[in-house]
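Subject: Model handover, helix packing and ring contacts

Hello,

Here is the model we talked about. Please load it first, then read the notes below.

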Amino acid sequence: MAGPILDVAGVTKNFGGFTALGGIDLVLNPGERLGLIGPNGSGKTTLINCIAGALLCDTGRIMFNGADITRMKAYQRTRLGIARSFQIPKPFPSMTVLQNVCVPLEYAGRREGGRLLAEEGRELLATMGLEQQASADAASLTQIDLRKLELARAMAANPALLISDEAMAGLSGNEVDEILAILFKVAERGVAIIMIEHIMRAVMRFSERVICLDAGAKIAEGPPDEIVRDPNVERAYLGE
Ligand code: ADP
Ligand code: MG
């Protein structure tokens with residue numbers, strides 16, 4: 001049997017004298033859907049920054065697909081198959097939606113068998129429900145379409161792991177369901193997904209397993225139905 005796709009062991013991160021992560025362990029299997037929850041400031045974004053390489057952890061070890069990526073640069077991790085979307089979408093506003101996915105497609109060197117970049121870009125946009133907007137300027141997109149574009153840009157690198165950081169914040173109920181459907185579709189293709197989300201209904205429906213952080217520590221881990229009635233999780237959110 002293949003090993004885990006991601007193995008985070010004892011990861012710590014301090015900012016000055018402040019401990020943002022106090023020794024986190026996290027193991028993810030290929031194609032698994034993991035929810036990462038916790039109150040504001042609990043360390044969720046810091047943890048995925050350490051996994052994706054935007055930050056280097058202070059101590060601990062991060063293995064991806066059997067390779068030690070702990071000290072690698074973010075772009076090297078991207079090449080190995082880690083993609084993330086940002087909490088605040090940052091497309092190139094003056095480019096079209098199609099151009100916005102073609103840039104990371106080209107960067108990832110993903111042209112297969114001489115296929116045209118634009119062709120691959122359109123296919124990706126179709127997967128993400130953005131084919132109608134291909135020629136629109138990114139600056140003109142609605143909130144939900146911006147979130148879809150952010151996920152499409154992350155998917156352009158053909159990752160084995162997609163980390164989605166609050167891709168649903170501020171969306172309506174129907175829009176949340178739309179994004180959920182897209183992430184389910186991505187997961188069905190065998191991509192492991194870490195979903196960071198405040199919308200409990202969404203993260204509990206999506207995840208096979210949930211991890212809850214509080215003040216830089218893992219306070220609970222288990223299937224969604226156990227996590228929703230975990231007293232430690234409840235206590236963490238009550239304090240928020
Ligand atoms: P979450 O994503 O769970 O809301 P974060 O990981 O963004 O939490 O932040 C965890 C804690 O670390 C917060 O107290 C935050 O203020 C602090 N923090 C995050 N990034 C930095 C940074 N670059 N410099 C200083 N403190 C930071
Ligand atoms: Mg965050």
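Which residue's charged end sits over the ring of Phe-86? Lys-90 does, at 4.1 Å from the ring centre. The criterion has two parts: NZ of Lys or CZ of Arg within 6 Å of the ring centre, and within 35 degrees of the ring normal. Arg-33 lies over the face of Phe-206, 5.6 Å from the centre of that ring.

Some ground rules. This is a predicted model, where local features need pLDDT of at least 70, side-chain atom pairs count only at pLDDT 80 or more, and totals for chains, interfaces and linings use all residues. Residues are numbered from 1 along each chain as its sequence is written, chains are lettered from A and ligands numbered from 1 in the order in which they are written, and side-chain values use heavy atoms, with hydrogens and water left out.

Now the helices (DSSP runs of H or I, at least four residues, numbered from the N terminus). Axes are lines fitted to C-alpha atoms over the stretch in contact, and angles run from 0 to 180 degrees between N-to-C directions.

H3 with H4: H3 covers residues 97-107, and H4 covers residues 117-127. They pack at about 115°, axes 9 Å apart. That makes H3 roughly perpendicular to H4 (65 to 115 degrees). The contact (heavy atoms within 4.5 Å) involves, among others, Val-97, Leu-98 and Val-101 of H3 and Leu-117, Leu-124 and Leu-125 of H4. By class, it has nine nonpolar, one polar and three charged residues. Nonpolar means Ala, Val, Leu, Ile, Met, Phe, Trp, Tyr, Cys and Pro; charged means Asp, Glu, Lys and Arg; the others, Gly among them, are polar.

H3 with H5: the angle is about 25°, and the axes lie 8 Å apart. That makes H3 roughly parallel to H5 (under 35 degrees). Val-97, Asn-100, Val-101 and Pro-104 of H3 meet Leu-149, Ala-152 and Arg-153 of H5. Five of these residues are nonpolar, one is polar and one is charged.

H5 with H6: H5 spans residues 143-155 and H6 spans residues 173-188. Their angle is about 15°, with axes 10 Å apart. H5 is therefore roughly parallel to H6. On the H5 side, the contact is made by Ile-144, Arg-147, Lys-148, Leu-151 and Met-155. H6 contributes Glu-175, Glu-178, Ile-179, Ile-182, Leu-183 and Val-186.

Best wishes

Notes
Helix = DSSP H or I, 4+ residues; strand = E, 2+ residues; numbered from the N terminus. Parallel < 35°, antiparallel > 145°, perpendicular 65-115°, else oblique.
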